[in-house]
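Open the model in your viewer and keep the selection panel at hand. The tour moves from one selection to the next.

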Amino acid sequence: METAALAGPPIDEEELLTAPPPRLARAGAFLVRSPLTILGIIIVIGTLVAAIFGTWLAPHNPNIPDYSALLASPSAAHPFGTDELGRDILSRVLSGAKYSMIVSLCVLTIGVVVGATIGLIAGYFGGVVDEVLMRLTDIFLAFPALVLAIAIASTLGAGVVTTIIALGIVWWPWYARLVRGQVLAIREMAYVEAARVIGTRTPRMLVSHILPETLAPIVIQLSLDVGYAILASSSLSFIGLGAQPPTPEWGAMISDAQTYLRDGWWTATFPGVAIMVTALGFNLLGDGLRDFLDPRLS
Amino acid sequence: MVVFILRRLVLLIPILFGVSILTFVVSHVVPGDPARLIAGPHATAAEVAVVRHAYGLDRPLWQQYVTYIGDLLHGNLGISLHTQRPVRDDLSSFLPATIELTAAAMLITIALGIPLGILAALTRNNWPDAVVRLFSTLGVSVPVFWLALVAQLVLYDFLGWFPAGGRLDTTLQPPPHITGMYTIDSLLAGNGPLLANSLWHLALPAIVLSLGSLAVVIRMMRGSMLEVLRQDYIRTASAKGLGERLIIWRHAFRNALLPTITVAGLQTGYLLGGAILVEAVFSWSGIGLYTVQSIFTSDYNAVMGVTLMIAALFILVNLLVDVLYAIVDPRIHLG
């Protein structure tokens, strides 16, 4: 890439000063060709707005029953209808966004911090350290993720914090593997050798020379994992291990609605659509990011 | 081949050992007080102490682990609180239903995922590709338990095309027990109507369960097909005048299949997890429904038993995938 630029026409300084930075321009050009990524960005922004301002945007109080409107079908007053206690479902869906966002954020933070640290150490030091850490990772990966999360959550007792811990524990091994794989390749590169020769200490080497190089794949993986984290946390709530009623968490709402589904299809439908649209938004954004940062894979 | 399988089996020993330590930690160390958990929330301190001693929970951890692993090796998983039967017996009566459901979903995943992935790769950036990609993005975004509820509501309540749930019509007797999988048992018994009825009950849960994995396998197959098609040897094959059909099926397909096999194997994990949710919605009496009932009754032994069972199953499937991989890819040495 650099050599191509050197061989190119002389640089017009005027243009350099006025043109947007090349990465931004490239991103702009990419977005124009990728309407699905734009859709993803819109959904993600919408979800974040709902997560932050949902409680204020909600037309009704999400937790106050209205006994004059039990299981009311969608109408102008209640666009998504009401549930078995007459609570406004639109308000509950809007207020529920923050639970999904907070839980995914915490789960992925635990996953990436623990996983990247272990992967970085295993990949850089190699040998026995690598062997021990990777066998440990294998043990966690021997369980289907949701099943291990269910086991952990049922021991800890139901709740939002439990969900975060249980999913965090099952999530880190994926990042440990991802980062280790990257580090194995990076540590053989000439600039790492050069840094080692001039006597760079190990912590500095790991943090300033190796970690930054692993960021692109981590970011891609993170954006693709938000969707999975939302699905996993709502699954735990659905079987009674996550957020507890009357919390307007989407999975818990669907779990509640099971009993009343035949009397009001809207009770389970809208929280489910919320989960699907949110996960879809993050997946579209993730796909877009991957295509943009790593075009080989598209 | 025998040596290869034996070596893989030996490599499993440390993993199984690790799995047992992890489940031990989850069941004995993580909870604040397992004795209190077993005795129940209303037990007095004295009752809890009795339970603690009876279960050996007052002994050092390593001794507890030795007892734990001894029990495991004897297949003793404790008594289930809500069925009042040994967890081992519960698992063996509920497992066939789960294997039936998961295997059916895997069959759908592979039978549709591979051709659809190839179709998408060959029509890259054209409308079939766009449709398949949209479907696969939706597939990984939809919560499976919600899809199960919606499918039930629409296809049973509104349209009446499929039964609400269960494994057979309640008026029918299950086939004589051979494998415990109703479809296979009724086939073995030569009972056509029973086979049809069990397939009719199996169809909807299996389709719903498969969609997530199907989406992943489609993406993988599309990606690896595109990757293979831009390799030099494909260009060589094309340059020497081989027909497109021959290049795709003889040269590209087999190589593109390899990563897909691995991914499909890993998808068994998602299917087993998803089965818990799908079984709960469709009242499919497998270990998933058993798990959800165990969670509601805080039936601790049962949940841990299921966890171990599913981990063992998942490890076994991945072993099979490794063997299959070695058969498909002659570059892997079997020694």
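**Stop 1: a serine in chain B**

Select B:S136, which sits in helix α6 (residues 127-139) of chain B. This is a predicted model. Is B:S136 buried or exposed? Its relative accessibility is 4%, so B:S136 counts as buried. Now show what surrounds it. Beyond the neighbours within four places in sequence, B:S136 is in contact with B:A215, B:I218 and B:R219.

**Stop 2: across to chain A**

Stay on B:R219. Its side chain meets that of A:D287 in a salt bridge, at 2.9 Å from N to O. Between chain A and chain B the count is two salt bridges. Five residue pairs are in polar contact between chain A and chain B, both residues at pLDDT 80 or more.

Next, colour the helices of chain A. On the side of chain A that touches chain B, α6 (127-141), α7 (145-156), α10 (202-238), α11 (250-257) and α12 (266-293) each supply at least two residues. Which helix gives the most? It is α12(A), with twelve residues. By class, this side of chain A has 28 nonpolar, ten polar and five charged residues.

Zoom out to both chains. The contact joins 43 residues of chain A and 47 residues of chain B. About 4000 Å² is buried between chain A and chain B, and carbon and sulfur atoms give 76% of that. Pick out A:F143, A:T155 and A:I239. They supply 15% of the area that chain A buries against chain B, more than any other three residues.

**Stop 3: a serine in chain A**

Select A:S95, in helix α5 (residues 89-125) of chain A. A:S95 counts as buried because its relative accessibility is 2%. Not counting residues up to four places away in sequence, A:S95 touches A:A58, A:P62 and A:P248.

**Stop 4: the two domains of chain B**

Return to chain B. Colour domain 1 (2-73) and domain 2 (87-328) separately. Their centres, taken over C-alpha atoms, are 32 Å apart. Domain 1 of chain B brings 15 residues to the contact, and domain 2 of chain B brings nine. The two domains bury about 1100 Å² between them, 85% of it on carbon and sulfur atoms. Show B:F4, B:R8 and B:T23, which supply 33% of the area that domain 1 of chain B buries against domain 2 of chain B.

Finish on B:R8. The side chains of B:R8 and B:D322 meet in a salt bridge, 2.5 Å from N to O. On the side of domain 1 of chain B that touches domain 2 of chain B, α1(B) has the largest share, eleven residues.

Notes:
Residues numbered from 1 in each chain as written. Chains lettered and ligands numbered in written order. Predicted model: local features only at pLDDT ≥ 70, side-chain atom pairs only at ≥ 80, totals over all residues. Heavy atoms only, no water. Contact = heavy atoms within 4.5 Å. Buried area = accessible area lost by both parts, 1.4 Å probe. Salt bridge = Lys/Arg side-chain N within 4 Å of Asp/Glu carboxyl O. Polar contact = N/O pair within 3.5 Å; in protein donor to acceptor, adjacent residues only side chain to side chain. Helix = DSSP H or I, 4+ residues; strand = E, 2+ residues; numbered from the N terminus. Nonpolar A, V, L, I, M, F, W, Y, C, P; charged D, E, K, R; others polar. Buried < 20%, exposed > 50% of the residue type's maximum accessible area, 1.4 Å probe, protein only. Domains from an automatic or database assignment.
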